[in-house]
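Visitor: Hi! Could you walk me through this one?
Guide: Happy to, let's look at it together.
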Amino acid sequence: MARRHLFLVVVLLAAAAVAGLLALTRGVQQDAKASPALDAQIAARTHAVDRLEASLRRALAEQRPLSPAPRASARTVFVQSSASRHDDEHAGDHEDEHADDHGDHDHEHEVGDD
């Protein structure tokens, strides 16, 4: 590589290093200036959320329950009605009638084919 090219590469690298240092220092300065304002904004929002939480807790404490809480000893007992037993007894009769009807139709159909 010629000395001219080497000098040009060194000058470009030095310029890039200086530009990087300037950007870094400006960023740090801006962050330092914005930090107190940002901290104050975060503190204000945190305080607002804390007040909202406290008001919700007070409202919940003042609210009466809508219905009494179920007791631990409460049990549900299922009692089958007599109407459902009556339907169950006759359900088998209807199924037998339908089975006979299908059997008769099949037999008549078979006779008609012969």
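Visitor: How many salt bridges does the structure hold?
Guide: There is one salt bridge in this predicted model, meaning a side-chain nitrogen of Lys or Arg within 4 Å of a carboxyl oxygen of Asp or Glu. Local features need pLDDT of at least 70 and side-chain atom pairs count only at 80 or more, while totals for chains, interfaces and linings use all residues. Residues are numbered from 1 along each chain as its sequence is written, and side-chain values use heavy atoms, with hydrogens and water left out.
Visitor: Which residue does Arg-57 pair with?
Guide: Glu-53, with the closest N and O atoms 3.0 Å apart. Helices here are DSSP runs of H or I with at least four residues, numbered from the N terminus.
Visitor: Is Arg-57 buried or exposed?
Guide: Exposed, at 57% relative accessibility. Glu-53 is partly exposed at 37%. Buried is under 20% relative accessible area, exposed is over 50%, and partly exposed lies in between (1.4 Å probe, protein chains only).
Visitor: New topic: what share of the 114 residues counts as buried?
Guide: That comes to 0%.
Visitor: And how many helices and strands does the protein have?
Guide: Two helices and zero strands, where a strand would be an E run of at least two residues.
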